[in-house]
Structure formats: structure tokens, C-alpha cells
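Dear colleague,

Please find below the structure that I am handing over to you. My notes on what was found in it follow directly after.

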Amino acid sequence: MIGTVTLNLALDVTYEVDQVVLGGSHRVDAIRQRAGGKGVNVARVASTLGHQVLVLGFVGGVTGELVAEELFDAGLTALLTPIAGETRRTVAIVNGADGDATIFNEAGPSVTSDEWRAFLDRMPWGRLGVLACSGSLPPGLPADAYAELAVRARHHDVLTVIDTGGDALTAAAKAGAVVRSNAAELRDALGDTTVEEGARQLVQLGATAAVITDGSRGMVAASHKGVWRALPVEKVSGNPTGAGDACTAVVAAAVAEAPEPDWTVVLKSAVAASAAAVLTPVAGDIDLGAYRRWQPQVAVN
Ligand SMILES: Nc1ncnc2c1ncn2[C@@H]1O[C@H](COP(=O)(O)OP(=O)(O)OP(=O)(O)O)[C@@H](O)[C@H]1O
Ligand SMILES: [Mg+2]
């Protein structure tokens, strides 16, 4: 089973309006609500690809109840730790004229150290093949929260895949995780570097492997055995939000089956799934037909 950690779960609310006018009053034509946060996107993609997932995170208040309900309705098994604070919302206002979205992200409730302990204590290590951690940390949690999870996971022989940036990325590498980031997050952490060189550096710091996405230029994987770049079969237009999460889902599934997978094979699936995620308008969804068509065609160098 793939455990996906979303420490800052959200209820993603989408409003569709005719035309967004700053300072104007709008009639909302349609409202959609679903559970969100990067780890939930990872869980949705992994589940769509046929893997068993367990969504892990914090929920609080009425919004937390809605998140839990929506995860259940989506068929995603969840183990949620209650908190005193109210789960956050993100609000996307979609402009009917061109489909552009204006997005408001709440920071999220503060998590106390007791709530963090409760979360750590109920981790079902024995049931997990891998733990995938993605997204921002809520206020109140220590900056090394992901590294702490990685170290605990290792004690239980569970590998972690950590998608993050900045100091948390280098800390995750030092804790021996499989690390994930995009090119901008990599440069935030390591300074000016190429994606290939940066990925190699993360492995030298201690990462089991590093998989760095590079927008429409594809992605790079590095392990102690080598460095590979894979290119998308074609450049697609669509919504790239969540494309990196589709990559994380594929990487987590591969690592759950073999701690040291053949990265050339993993990259083919990751590149195909990421492009198939760009094709769909909602983060967490992928176009399965496009994924299956592209997967054998991805070139890896
Ligand atoms: N226009 C595109 N056409 C084809 N593939 C794309 C395109 N944009 C992105 N991809 C694929 O998606 C992967 C992830 O993209 P990107 O580097 O933008 O991720 P990200 O910024 O981490 O995304 P997020 O964090 O929102 O999930 C890329 O490595 C690439 O393989
Ligand atoms: Mg990303």
C-alpha cells in the first residue's frame, strides 16, 4: 500500500463565473468541492493507476468533515488525525471566457506538537510499502517534519518519497529519502545548478534517488548507478498543476515494488503520466488512454 502524507489537507472549492471583474459582484454558475493538497493528488493518480493507497493527514472542524467525506466518496481510504483547528480551503475562481483561474490559498490551521505526536504514533508502518510526502507544512510543525518521517520510516524498513523544496529538500536527501522537486525548487535548495548536476548532488548528500521534473523539458532521475533524462513524447497544452504529483505517484508505486527500481523504466511511466495529467483540467486526474499510448514511446537518455 502507498501511504500519501498531506500535512496541509484542504477543501478545494472551484467557482465558475462568466467573467471575473476585480471589485465586481458575480453570479456563481457552478460550484465544485473536493479534497485537495498535493498528497491527495498523488493518492488519486496512484489509485487511478491501480494501486492501493492510504491518505494520511490532519482534519479539523466542519471543513475537515467535508474533506473526509469527499475522500470516502472518491473511494480513497484515509487515516486522518483530528486537530482543534479548522481545515483550510483553497478557492479557485474560473473565468468562463478563457478558463483562467484566480486562486486563493488559505495558510491552514496551526498543528500543535501533541497533534503531531498523535499523527506519528498512529502511522501504520506495517501496512505501508512506501510513504509519499508532498506539499507545504502547516503552521506549527517543525521545518524538519518530513525528515523526521523519513527517519522513522527507515526504522520500519519503509522507504519515503518526499516532494518538497528549499532546506526541507536537502534535509530529506540527508535522511536517505527518494527526493522529488521541480527545477525551480531544486535551485532554491542548491543554488544555480543544472537539473542533472543538482539531482546528482542530492544523491551525494544521501538521497536513495532524486527525480527532478523540468516542465515541458521532461525530467531527470539520479541514483548511485547513474543519471537519466526522459523527454515527453509531445508538448501538450493544458493544466500543468498536478503534473509533478502524477510523477510522484509513479515513483512511489515503483519504489513500493522495488527499493532500487530500473529508473529508465520508471521515467517512461512518470513522463507519460505527467503529460497525461497536463491533459486533464483538474489536478489529481490523468487521461489514462493518453498515458497508455505515450508510455512505450518515451525516450530516455
Ligand atoms: N506542456 C507539457 N507537455 C508535456 N509534458 C509536460 C508539460 N508540462 C509538464 N510536463 C510533464 O510534467 C512533469 C512535471 O511538470 P513540472 O516540472 O511543471 O512539475 P511541478 O511544477 O512539480 O508540478 P506540480 O507541483 O504542480 O504537480 C514534467 O517533468 C514533464 O514530464
Ligand atoms: Mg511539484
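A residue counts as near a molecule if one of its heavy atoms lies within 4 Å of it. On that basis, 21 residues surround ligand 1, and the closest are Lys38, Thr213, Gly218, Val236 and Gly244.

This is a predicted model, in which local features need pLDDT of at least 70, side-chain atom pairs count only at pLDDT 80 or more, and totals for chains, interfaces and linings use all residues. Residues are numbered from 1 along each chain as its sequence is written, chains are lettered from A and ligands numbered from 1 in the order in which they are written, and side-chain values use heavy atoms, leaving out hydrogens and water.

Oxygen atoms of ligand 1 lie 2.8 Å from a polar side-chain atom of Lys38, 3.0 Å from a polar backbone atom of Gly242 and 3.4 Å from a polar backbone atom of Ala243. Of the 640 Å² of accessible area (Shrake-Rupley method, 1.4 Å probe) that ligand 1 has on its own, the protein covers 88%.

Helices here are DSSP runs of H or I with at least four residues, numbered from the N terminus. Helix H8 (243-257) and helix H9 (263-279) each contribute at least two residues to the shell around ligand 1.

Finally, an unreviewed UniProt entry places the feature "domain: Carbohydrate kinase PfkB" at residues 13-281; such annotations may be inferred rather than shown by experiment.

With kind regards

How values were computed: Polar contact = N/O pair within 3.5 Å; in protein donor to acceptor, adjacent residues only side chain to side chain.
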